[in-house]
Amino acid sequence: MTVGFAGLGIMGVPMATRLLDAGTELAVWSRRPEACAPLVARGATHAADPDALFAACATVVLMLRDEGATDAVLGRGTDAFAHRVAGRRIVVTGTNSPAYSAALAADVRQAGGAYVEAPVSGSRVPAERGELVVMLAGDDAAALDAAEALLSPLAKAVVRCGEAPAALRTKIAVNHYMMAMVASLAEALTAARAAGVDVASVVRVLEASPMDSPIGRVKAAKLVAGDESPQAAISDVVKNCRLVLDAAREAGATTPIIDLVSSLYEATAASGHADLDMVAVVRAFA
């Protein structure tokens, strides 16, 4: 059966490509028709609009930038919503607030659809390699099983977290650590360079140590090379910092580290670098 995919940005394109390469029959839609062309060349069908996408597919994967874009594609708040959602599995892989996801899950269920919350951990390179970590949540066992089978080609692990919004709460906790880790790496390499240390040697030691990690390797290489082309953009990191801080405030947690880290990413975005990779936070230490 044909699967729909909407949202062909930094993450959506490699994710959709992996699905195609795994043999999934895919229909794609984007507000930018040119974004569909490479996928159509690989065998995907181009849906003319969201109505055509949902009409052709029993399962639709959404990898959209934010909650507003997700609502727009679903037609939420309009008569189109029930028509698009009824009888379909809606798999939302973007990072939204837990409160939004819980409300959307209820709306999809009421409209006769099945909702699967499926945020992913990883950026463009892991997406290209099929090395994302997929977190799943929902209350429909059959829909969860189908989503896991569908998304497995994208992932080195699929983790079931319970009912929505448990997957997003898990993703927010993971992002909390990851964003602080990258900012710390940028600061450490900047300080080492200022002290006259060969930063390439520092990176080789990190890679041989217990602190080694795939994201550390990718981001360290970008920092050493001065490569700020986006894999995970500063603007997205700022959004994720806000989700982390909102969750922490709601829980009454004390978070002095991510409070500071968030201010660094926000300052980087405000300086005109919102579209650069998150390693551009290094500019805050220049």
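## A helix with its own salt bridge

With a relative accessible area of 24%, R124 is partly exposed, because this value falls between the 20% below which a residue is called buried and the 50% above which a residue is called exposed. The structure is a predicted model, and in this model the side chain of R124 meets that of E128 in a salt bridge, with 3.0 Å from N to O. E128 is also partly exposed, and its relative accessible area is 41%.

Where in the chain do E128 and R124 lie? Both belong to helix α7, which covers residues 124-129, and they are four residues apart, which corresponds to about one turn of the helix.

Another of them joins R65 and D236, whose closest N and O atoms are 3.9 Å apart. This pair links distant parts of the chain, for R65 sits in the loop between β4 (59-62) and α4 (67-74), while D236 belongs to helix α12 (residues 234-251), and the two are 171 residues apart. D236 counts as partly exposed, at 25% relative accessibility.

Which residue forms a salt bridge with D107? The partner is R76, and the closest N and O atoms of the pair are 2.8 Å apart. Here too distant parts of the chain are linked, with D107 in helix α6 (residues 98-110) and R76 in the loop between α4 and α5 (80-85), 31 residues apart. Both residues of this pair are partly exposed, D107 at 28% relative accessibility and R76 with a relative accessible area of 21%. The pair is also part of a network of salt bridges, in which D71, R76 and D107 are linked.

## The sheet and a helix packed on it

In general, the strands of a sheet pair through backbone hydrogen bonds, and they can do so in either a parallel or an antiparallel way. In this model six strands form an open sheet, in the order β3-β2-β1-β4-β5-β6, and the pairing is parallel. The edges are taken by β3 (45-46) and β6 (114-117), each of which has a single partner strand, so one side of each is left without a neighbour in the sheet.

Within this sheet, β4 and strand β5 (residues 89-92) pair in the parallel sense over four bridges. V60 has I90 in β5 as its bridge partner. Helix α6 packs on the sheet and touches β5 and β6, and the direction of α6 makes about 160 degrees with that of β6.

## A cis peptide bond and two packed helices

Most peptide bonds are trans. The peptide bond from A164 to P165, however, is cis, with omega near 10 degrees. P165 is placed in the loop between β9 (155-160) and α9 (166-194).

How is the packing of two helices described? The description uses the angle between their axes and the distance between the axes. For α9 and helix α10 (residues 199-207), the angle is about 135 degrees and the axes are 9 Å apart, and these two helices are therefore oblique to each other. The crossing of α9 and α10 is right-handed. On the side of α9 the contact is made by L185, L189, A192 and R193, and on the side of α10 by V199, V202, V203 and L206.

Key
Residues are numbered from 1 along each chain as its sequence is written. This is a predicted model: local features need pLDDT of at least 70, side-chain atom pairs count only at pLDDT 80 or more; totals for chains, interfaces and linings use all residues. Side-chain values use heavy atoms; hydrogens and water are left out. A salt bridge is a side-chain nitrogen of Lys or Arg within 4 Å of a carboxyl oxygen of Asp or Glu. Buried means under 20% relative accessible area, exposed over 50%, partly exposed in between (1.4 Å probe, protein chains only). Two strands pair if DSSP finds at least two bridges between them. Contact means heavy atoms within 4.5 Å. Axes are lines fitted to C-alpha atoms, for helices over the stretch in contact, and angles run from 0 to 180 degrees between N-to-C directions. Angles under 35 degrees count as roughly parallel, over 145 as roughly antiparallel, 65 to 115 as roughly perpendicular and the rest as oblique. A crossing is left-handed if the near helix is turned anticlockwise from the far one by less than a right angle, and right-handed if clockwise.
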